[in-house]
Amino acid sequence: MTTTVSFAVDSPAGRHVVGVTYERSGSGDPLVLLHGIGHHHQAWEPVLRILAAERDVIAVDLPGFGASPALPDGLAYDVRTMVPVLGSFFDTLGLVRPHVAGNSLGGLLALELGREKLVRSVTALSPAGFWTPSERRYAFGVLRAMRGAALAMPMPLIERLSKSAPGRTALTSTIYARPGRRSPDAVVAETVALRTATGFHQTLTAGLSVAFTDDVPDVPVTVAWGTKDRLLLRRQGIRAKQIIPGARLVRLPSCGHVPMNDDPAAVARVILDTSR
């Protein structure tokens with residue numbers, strides 16, 4: 001069951017009320033899960049049951065994505081806004097330095113939360129921000145094409161494609177190495193999430209100036225990269241290790257950009273090992 005909470009966030013433009021939708025399950029130390037651009041918290045469904053056996057898991061829809069409302073006017077979809085927003089979300093739920101795992105955009109935010117000492121550990125799965133300018137242009141071009149295709153396809157076509165493995169491959173092979181494993185309902189839901197993501201354009205625009213260049217000291221960090229990531233190429237993981245020398249760098253064999261679906265057991269193990 002999902003829940004939406006609202007809380008105040010201060011910015012140079014004044015005080016704003018932000019809403020965040022999340023799903024919570026399990027028991028143990030709190031673990032917050034952050035998805036990538038254009039996605040929603042259901043991206044984590046393949047690993048939720050495994051993680052919830054040992055952790056109090058909070059899977060978040062970032063503002064402007066999934067079921068979370070868009071950010072109020074005056075708040076930008078950038079790191080300087082999102083880190084305080086997530087910090088306020090933690091305070092609202094009574095989470096004191098939870099563990100955090102993030103994928104893509106969520107991985108970048110998880111690392112920034114670690115750098116600000118707002119979390120106890122960070123697991124970043126193919127995090128954004130370790131690209132060269134040409135790699136960023138490529139990734140953003142792919143993301144824009146995915147969004148354009150999702151907007152252009154009528155819903156009956158999306159639903160028809162989702163019912164076959166080749167159709168699911170056509171819809172999601174950019175982010176999954178094993179798209180046939182996704183259920184038809186999941187593929188339809190995430191295509192709709194991409195279509196309706198009110199924060200997509202602003203987040204992508206903010207990403208034009210993103211480059212992660214600072215260490216994350218004194219916080220356990222794991223950076224994991226799928227060997228078949230077609231969006232953020234795996235050599236970016238080497239750069240992440242150079243910038244965050246204390247991080248553990250893990251290969252996820254035969255996994256794509258969103259590895260939770262491709263190998264749930266391996267991804268859950270990486271997250272749990274880091275949060276231990």
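1. By class, the lining of the largest pocket comprises 13 nonpolar, nine polar and one charged residues. Here Ala, Val, Leu, Ile, Met, Phe, Trp, Tyr, Cys and Pro count as nonpolar, Asp, Glu, Lys and Arg as charged, and the others, Gly among them, as polar. On a 1 Å grid over the protein atoms alone, a pocket is an open set of points with protein on both sides within 12 Å along at least five of seven lines, a cavity is a set of points where a 1.4 Å probe fits but cannot get out, and lining residues have an atom within 4 Å of a point.

2. The model is predicted: local features need pLDDT of at least 70, side-chain atom pairs count only at pLDDT 80 or more, and totals for chains, interfaces and linings use all residues. Residues are numbered from 1 along each chain as its sequence is written, and side-chain values use heavy atoms, with hydrogens and water left out.

3. The largest pocket has a volume of about 360 Å³, a volume being the space filled by probe spheres set on grid points that are joined across faces, edges and corners. Among its 23 lining residues, Met146, Leu171, Thr172, Ile175 and Leu194 lie nearest the centre. Helix 4 (133-152), helix 6 (165-172) and helix 7 (184-196) each supply at least two lining residues; helix 4 has the largest share, four residues. Helices (H or I, at least four residues) and strands (E, at least two) are DSSP runs, numbered from the N terminus.

4. The second largest pocket has a volume of about 240 Å³. Its lining has 13 residues, and Val79, Glu112, Ser209, Val210 and Ala211 are the closest to its centre. Helix 3 gives the most to this lining, with three residues. The lining divides into six nonpolar, two polar and five charged residues.

5. The structure holds one cavity of 30 Å³ or more. The largest cavity has a volume of about 280 Å³, and the closest of its 24 lining residues to the centre are Ile37, Leu105, Leu108, Ala128 and Thr203. Helix 8 gives the most to this lining, with four residues. By class, the lining of the largest cavity has 20 nonpolar, three polar and one charged residues.

6. In helix 1 (residues 45-52), Val47, Leu48, Leu51 and Ala52 are buried. Buried means under 20% relative accessible area, exposed over 50%, and partly exposed in between (1.4 Å probe, protein chains only). These residues lie on the same side of helix 1 because they cover an arc of only 130 degrees around the axis, the arc being that of the directions from the helix axis to the C-beta atoms. They pack against strand 2 (14-26), strand 3 (29-34), strand 4 (55-61), helix 10 (259-262) and helix 11 (264-275), where contact means heavy atoms within 4.5 Å.

7. Side chains of opposite charge can pair when their charged atoms come close. A salt bridge is a side-chain nitrogen of Lys or Arg within 4 Å of a carboxyl oxygen of Asp or Glu, and the count comes to 11 salt bridges. One of them joins Arg24 and Asp56, with the closest N and O atoms 2.6 Å apart. This pair links distant parts of the chain, with Arg24 in strand 2 and Asp56 in strand 4, 32 residues apart. Arg24 is partly exposed at 35%, whereas Asp56 is buried at 11%.
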